[in-house]
Amino acid sequence: MTTATADATVRADCVADPAGTLTFELTTATATAPGPGAVLLLRRRGGAGTTVRLPLSSSAPGRLRAVLEPATELPEGWWDTYVEEPGSEDPPAVLPGVRDLRTLVDRAPDAATATVRWRVPYPTLDGRLAVRSWVRAPHAEAGAIRVGPAGMSVEGVLYGAGAGEDAVVEARLQGDPSRLHRVPLTATGEPGGFAFTLPYAPLVTGPVAEEQLWWLWLIPAPGAKAVRISRILDDVWTRHKTFVYPGRPVAEGAMATPCYTVGNDLSVRVEPRPATA
């Protein structure tokens, strides 16, 4: 693991408000503060030329403020932050300060919201400040997950679409679209609420020689656009290694485990079962 470079001398505290606005309060660790015309530059990782610039204004002596409004276009992805001054070719990265994201935990969109936009500031592995952005239209938010002896039961909320009587959840094997399994979706009492139970046995049709990842999609009606089931509506930028569920044996020599991807999409991991398990 590397550490942030020496030229990253600006640190930013982040505050989220109930409307989803992110405010960045920047301080500089050196006597040289960013000059007039400086902006907070957000650059999407892996997206050459994709940038968003937020004006910086003085908020207090030695402090600058930038505001990311909910209406500001920020396509889905991982965004690194920099301070860019006019004419600069190599802007310094921003270091993470205090992140007050409590309002993200208590906030949820209305079930009728057509497009869900969610942003979470976070520290990268090499010590920089970044923002994870999701843009989903519609969006299926996973909630409680219960692991049974032979499968998993999931509750959630569907935003921006209505699920009909023929709605289903589809498990698709990553890399092999010909392998899929469907289970019925049921409505719960809350607006947009849904639930389903996925047995593991149909995901294993033969020997499992290597890890398989089954992605979970909600299909609101026959012929409707499939909606990826994810969990994004809080302050957790990745659940990949922090939300861990118990695995269950499936057939002989295979183990199935609910899991989240790096991007917080709900999946089922099927892998060879160790002989000592």
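Predicted model: local features only at pLDDT ≥ 70, side-chain atom pairs only at ≥ 80, totals over all residues.
Reader: Hi! Before I count anything, what are helices and strands here?
Author: Helices (H or I, at least four residues) and strands (E, at least two) are DSSP runs, numbered from the N terminus.

Reader: Good to know. What does the C-alpha trace span?
Author: Along its principal axes, the trace spans about 65 × 45 × 30 Å.

Reader: And how much of the protein is buried?
Author: Buried residues are 43% of the 277 in the protein. Buried means under 20% relative accessible area, exposed means over 50%, and partly exposed is in between (1.4 Å probe, protein chains only).

Reader: Let's look at strand β1. Which strands are joined to β1?
Author: Strand β2 (residues 22-28) is joined to β1 by seven bridges, and the two run antiparallel. Strand β8 (residues 94-100) runs parallel to β1, with five bridges between them. Two strands pair if DSSP finds at least two bridges between them.

Reader: Which residues stand opposite each other there?
Author: Ala12 stands opposite Leu26 in β2, and Cys14 is opposite Arg99 in β8.

Reader: Which residues of β1 are on its covered face?
Author: Val10, Ala12, Cys14 and Ala16 are on the covered face, while Arg11, Asp13 and Val15 are on the uncovered one. In a regular strand, side chains alternate between the two faces of the sheet.

Reader: Switching topic: where does Val116 lie, and is Val116 buried or exposed?
Author: Val116 lies in strand β9, which covers residues 116-123. With a relative accessible area of 2%, Val116 is buried.

Reader: What does Val116 touch?
Author: Leaving out residues up to four places away in sequence, Val116 touches Pro109, Trp134, Val135, Arg136, His139, Tyr159, Ile232 and Leu233. Contact means heavy atoms within 4.5 Å.

Reader: How many contacts link residues 24 or more positions apart?
Author: Such residues account for 62% of the protein's contacts with a separation of 6 or more.

Methods: Residues numbered from 1 in each chain as written. Heavy atoms only, no water.
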